[in-house]
Amino acid sequence: MYEATAHDHITLTGARENNLKEVSLRIPKGRLTVFTGVSGSGKSSVVFDTIAVESQRQLNETFTWFVRNRLPKYERPHADAIEDLAPAIVVDQKPIGGHSRSTVGTMTDIYSVIRVLFSRHGTPSAGPATAYSFNDPSGMCPECAGLGRTVRPDYDRILDPGKSLADGAILFPPFAVGTWQGQTYTNTTDLDPHKPVRDFTAAERRFLLRGHPGGKKVSVDNTGGARDIDFEGLADRFERLYLHRDLSALSQRTRDLVQGFLVEGRCPACAGARLNPAALASRVNGLNIADCARMEVTDLIAELGRVDDPVAGPVARAAVAALERVEAIGLGYLSLDRETSTLSGGEGQRLKMVRHLGSSLTGMTYIFDEPSVGLHPRDVGRLGDLLLRLRDKGNTVLVVEHDPDVIAIADHVVDMGPAAGSHGGLVVFEGTPDALRAADTLTGRSLRRATGVKEHPREPVGDTWIKGADLHNLQDVSVRVPTGVLTAVTGVAGSGKSTLVSEVFTAQHPDAVVVDQSAIGISGRSTPATYLGIMDRVRALFARHTGAEPGLFSFNSSGACESCQGRGIIYSDLAFMDPVTTTCEACEGRRFKPEVLRLTVGGRSVVDVLDMTAEQALAFLADFPDPAVRRRLGALRDVGLTYLTLGQPLSTLSGGERQRIKLATQLHRTGTTYVLDEPTTGLHMADIDGLLALLDRLVDAGNTVLVVEHNLDVVKHADWVIDLGPDGGKHGGRVVFEGTPRELLAADGSFTAEHLRRAVA
Ligand code: ADP
Ligand code: ADP
Ligand code: ZN
Ligand code: ZN
């Protein structure tokens, strides 16, 4: 155990990032501290925006000027003092880079151990360990260069089917409408430039992509008079310019651009195994290395356990030890060849943990963001053990978490509150988990309350079916989904919930409204105000009252600060590092030209309005009634996001917040099926009550709601439960229970039932 020294606390004085109100804290080193509080109370502002940023900044300052200039620049967090920090490692939910050479095996380094095993003990041996590496020329499949896939243009991204050519259906910028290459497509008399691309006949689409068979000339009319030219189809041109040539001749910028418009498919030569024939011919206990990579971790442990050769044994045991860490964090259903880009945020975070658990660093600060996300209550206990192990190696572990089982193992708890946004930003409790349970804070009260399962579930009004689902691990699942009720789909991680609901159900019922946590695919300039359509109304209001033109009140238009083009930040993207942003100095992050700030309505400039929370904006705009604006701001309140400011970039929202802001735009429907994947992510126990009330309102308005959830409060509150399992991966994929929560309490063979019984006891 870590020995306390004179500097045995991280000390924070007068922290003011975001909503923090002069927060001063002492966080014990070498201990596990959990940060609790409703969402928006300021947990991330303390942990990520203050402690992690300052620790990185101070670390960078120890380098020479030469090195420092090549590192990301961190601004000093707003605080009087931050002292006695240790180097911080942030293990967050950001997706683990999309690049396809990164697999579960490579990112955990387990694949390199397996390679050593094959190079020393495979028969015939293909050579040294690199001969088994798909990232090395001596091992990679020559056809796909070790990617397991080959690349082709992605016409779903190159073309927006809802738009016509004249409206900008071609999304690939070099061929876009208005460019000289784009003219070919808008001006040809063989296509109607005003017809949406999705309405093209097969022949028209073929012509757009490939031209006429045999290269027949077509008429082009871009000067008023028609003339005949050699027409090159969009696909032919794209492939000629960007695929079938020496890519190193393209600038990095062009390559990055093109990359965004490509899609991959399985390589025909190696069938996705990524390796050359020599590597694939080599076997250990009858298996080749691709077989090992394809196997679920749990099965691979058993398989390598059978390697008892005195020479090979130690290498196999080293691999097994690492694989067992993967299993211990509830990911035994993954395979080493799984690309990290297909993992969920929670799975990615837990895998990153594996790397750190195997490392022997001590004296570090490890920071986790809701590590229980995606975990069934069954696996939360194991997660806790791993966090404690990290602490016991002599590290300081800081965790932002809502799960009572994680809070319970903390050495120290910091509870933020009392509420969200401007009503939060204070430390409302510090102490042990036991003391927290007695404390008069939202968290304390929530931990004390006990609720049972729903007594009177709603009666379904009808039903829909999922039929013959066999994607990923699903084992020919057919299951009834009742309509007009709230259904929870449960099961341990990897049992197949997301596959069943987010993939199969939504494919079989395309009219379902999916409210997920994915990025909101608009520009970096999107804000709650633009996303909800409030900004147009606010601009019109300012134009009406000041006589200026509406565009001046937009940072996407003539009002934009010229230095940052209205972004408010300067964004630098560095290869292999997280992108770095700094506040624009010209407008101080306000995004607007200075003269716009002098134009006011009711004493407030448009920037003042953008700085208002939804709640403050409701009050301010009461003097300028507009039912549409009131309704939209009301929707933000209903989804529990009143604390967001109208101008906060959507890119700063967490996954859970993104999901709830999407929900805010969908509340007016009836007769709709809503699908939500883990909507409690990022929500405090007290916020969950609000979410449940909202889901109830949707159901009572005549909708069907289907949620994938682990949270037992949601399970208790559902009208119907579909439990998948019994376990993860190929040991899951079946329906083990369907019925009401009360019936679930009595079910056998379900981990969910087991934990539900404990939660109501
Ligand atoms: P928590 O982690 O407890 O959910 P946060 O620390 O993320 O809370 O947020 C606290 C407050 O600061 C909220 O009102 C949030 O909207 C605001 N906030 C967070 N990040 C930013 C940002 N990058 N820009 C502006 N406001 C932010
Ligand atoms: P849950 O939502 O219950 O955690 P998932 O539906 O995500 O489970 O996963 C079920 C199974 O399908 C697991 O074995 C998982 O590894 C596999 N799986 C999920 N997504 C993919 C994918 N994109 N590619 C390959 N396998 C996948
Ligand atoms: Zn190949
Ligand atoms: Zn600016």
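Q: In which hand does α12 pass α13?
A: In this predicted model, helix α12 spans residues 297-305 and helix α13 spans residues 313-328. The two helices pack with their axes 9 Å apart. The crossing in which α12 passes α13 is left-handed.

Q: Are α12 and α13 roughly parallel or roughly antiparallel to each other?
A: Helices α12 and α13 pack at an angle of about 155°. Angles over 145 degrees count as roughly antiparallel. The two helices, α12 and α13, are therefore roughly antiparallel.

Q: How many nonpolar residues does the contact of α12 with α13 have?
A: From α12, the residues Val297, Thr298, Leu300, Ile301, Leu304 and Gly305 take part. They meet Ala316, Ala319, Val320, Leu323, Glu324, Val326 and Glu327 of α13. By class, two residues of this contact are polar, two are charged, and the number of nonpolar residues is nine.

Q: Which strands are the edge strands of the open sheet?
A: Six strands form this sheet with mixed pairing, in the order β5-β12-β13-β3-β14-β15. An edge strand pairs on one side only, and this holds for β5 (88-91) and β15 (426-431). The edge strands are thus named β5 and β15.

Q: Which residue in β12 stands opposite Ala88?
A: Strand β12 covers residues 365-369, and β5 pairs with β12 in the parallel sense over four bridges. Ala88 has as its opposite residue in β12 Thr365.

Q: What angle does the direction of helix α15 make with that of β13?
A: Helix α15 (residues 377-392) packs on the sheet, where α15 touches β3 (32-36), β12 and β13 (396-400). The direction of α15 makes with that of β13 an angle of about 150°.

Q: Which helix gives the most to the shell around ligand 1?
A: There are 16 residues around ligand 1, and Asn18, Lys43, Ser44, Ser45 and Gly421 come nearest. By class, the shell around ligand 1 has three nonpolar residues, 12 polar and one charged. The helix that gives the most, with three residues, is α1 (residues 43-61).

Q: How many residues of the shell around ligand 2 are polar?
A: Ligand 2 is surrounded by 14 residues, the closest being Thr342, His472, Lys497, Ser498 and Thr499. In the shell around ligand 2, three residues are nonpolar and one is charged, while the number of polar residues is 10.

Technical notes
Residues numbered from 1 in each chain as written. Chains lettered and ligands numbered in written order. Predicted model: local features only at pLDDT ≥ 70, side-chain atom pairs only at ≥ 80, totals over all residues. Pairing = 2+ DSSP bridges. Contact = placed C-beta atoms within 7 Å. Axes fitted to C-alpha atoms, helices over the stretch in contact; angles between N-to-C directions. Near = placed C-beta within 6 Å. Nonpolar A, V, L, I, M, F, W, Y, C, P; charged D, E, K, R; others polar. Parallel < 35°, antiparallel > 145°, perpendicular 65-115°, else oblique. Left-handed = near helix turned anticlockwise from the far one by under 90°.
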